[in-house]
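This report is meant for a reader who is meeting the structure for the first time. It begins with a single residue and then widens to its surroundings.

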Amino acid sequence: MAQPAIVHKANIPKQEPKGGISEFSTQEIYAELLQRFDGDPTRDGLLKTPERVEKAMTFLTKGYQEDPTKILRGALFDVDYDEMVIVKDIEMFSLCEHHMLPFFGRVHVAYIPNAKVIGLSKIPRLIEVFARRLQVQERMTQQIADSIQEAIHPQGVGVVVEARHLCMMMRGVEKQNSSTVTSAMRGVFGKQSTRTEFLSLVRERGQGAF
Ligand SMILES: Nc1nc2c(ncn2[C@@H]2O[C@H](COP(=O)(O)OP(=O)(O)OP(=O)(O)O)[C@@H](O)[C@H]2O)c(=O)[nH]1
Ligand SMILES: [Zn+2]
């Protein structure tokens, strides 16, 4: 039986990568995958799917093109404040690098300034830079903490990520209720009292002005 043209064209495993990039377009590769997993990439619902997936994957991995230092350096302010600043419950969506399935949850970031504060919106933007890549939760947590530490040399930084991994929910071990918590503590956040203050402020819910 004749193979669809795309299968001949995008026989991916046999291609020698040229500078790391195969000669096939991203859409050709996705069409090949649709052929393999669905069997009929020409049916109505799948016709534009390679194009849609390319757009989606370009968005979901856009963090590789972004420079965390540039984002933070753009909004640093000299402010005489040396208490803890916490931006918490920042939603995060990423892709696990093992299965390319989403993991998602919340990030809490705290730091104690050392003459400079960061524009608040830049903290969620920084998280986007590292979340929009193929990731493991532990590395992403550390990257967020380290980039703040390097950019403003605060007295310390703490980052906690709480996430659920679809690779553990919709396949594999199929556990629906577990979540993974990771943390990175730098500078004074290594001290028990600072860490405890951060974690207890993160745990406070539904209090204060809102
Ligand atoms: N530490 C860590 N592990 C992750 C993360 N995301 C996915 N994983 C794990 O990566 C591991 C990959 O294990 P493998 O045995 O190679 O893959 P697998 O056969 O698909 O494993 P199962 O998921 O157990 O079916 C799994 O245990 C996943 O749960 C993450 O962010 N951090
Ligand atoms: Zn996974």
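This is a predicted model: local features need pLDDT of at least 70, side-chain atom pairs count only at pLDDT 80 or more; totals for chains, interfaces and linings use all residues.

C167 is found in helix α8, and, leaving aside neighbours within four places in sequence, it is in contact with C96, H98, H99, L101 and G172.

## The annotated binding site

An unreviewed UniProt entry carries the annotation "binding site" for C96, H99 and C167. Although these residues are spread over 72 residues of sequence, they cluster in space, with a largest C-alpha distance of 8.0 Å. Of these, H99 sits in the loop between β2 (85–96) and β3 (102–112), and it counts as partly exposed because it has 16 C-beta neighbours inside 10 Å.

## Around ligand 1

The shell around ligand 1 consists of C96, H98, V136, Q137, E138, H165, C167, M168, G172 and V173. Two or more of these residues come from each of the elements α7 (137–152) and α8 (166–169). By residue type, the shell around ligand 1 divides into five nonpolar, four polar and one charged.

## The protein as a whole

The protein has nine helices and seven strands, and 25% of its 210 residues count as buried. Among contacts with a separation of 6 or more, 68% are between residues 24 or more positions apart.

Methods:
Residues are numbered from 1 along each chain as its sequence is written. Chains are lettered from A and ligands numbered from 1 in the order in which they are written. Helices (H or I, at least four residues) and strands (E, at least two) are DSSP runs, numbered from the N terminus. A residue is buried if 20 or more other C-beta atoms lie within 10 Å of its own, exposed if 12 or fewer, and partly exposed in between; C-beta atoms are placed from the backbone. Two residues are in contact if their C-beta atoms, placed from the backbone, lie within 7 Å. A residue is near a molecule or strand if its C-beta atom, placed from the backbone, lies within 6 Å of it. Ala, Val, Leu, Ile, Met, Phe, Trp, Tyr, Cys and Pro count as nonpolar, Asp, Glu, Lys and Arg as charged, and the others, Gly among them, as polar. UniProt positions are given in the numbering used here, feature names are shortened, and annotations may be inferred rather than shown by experiment.
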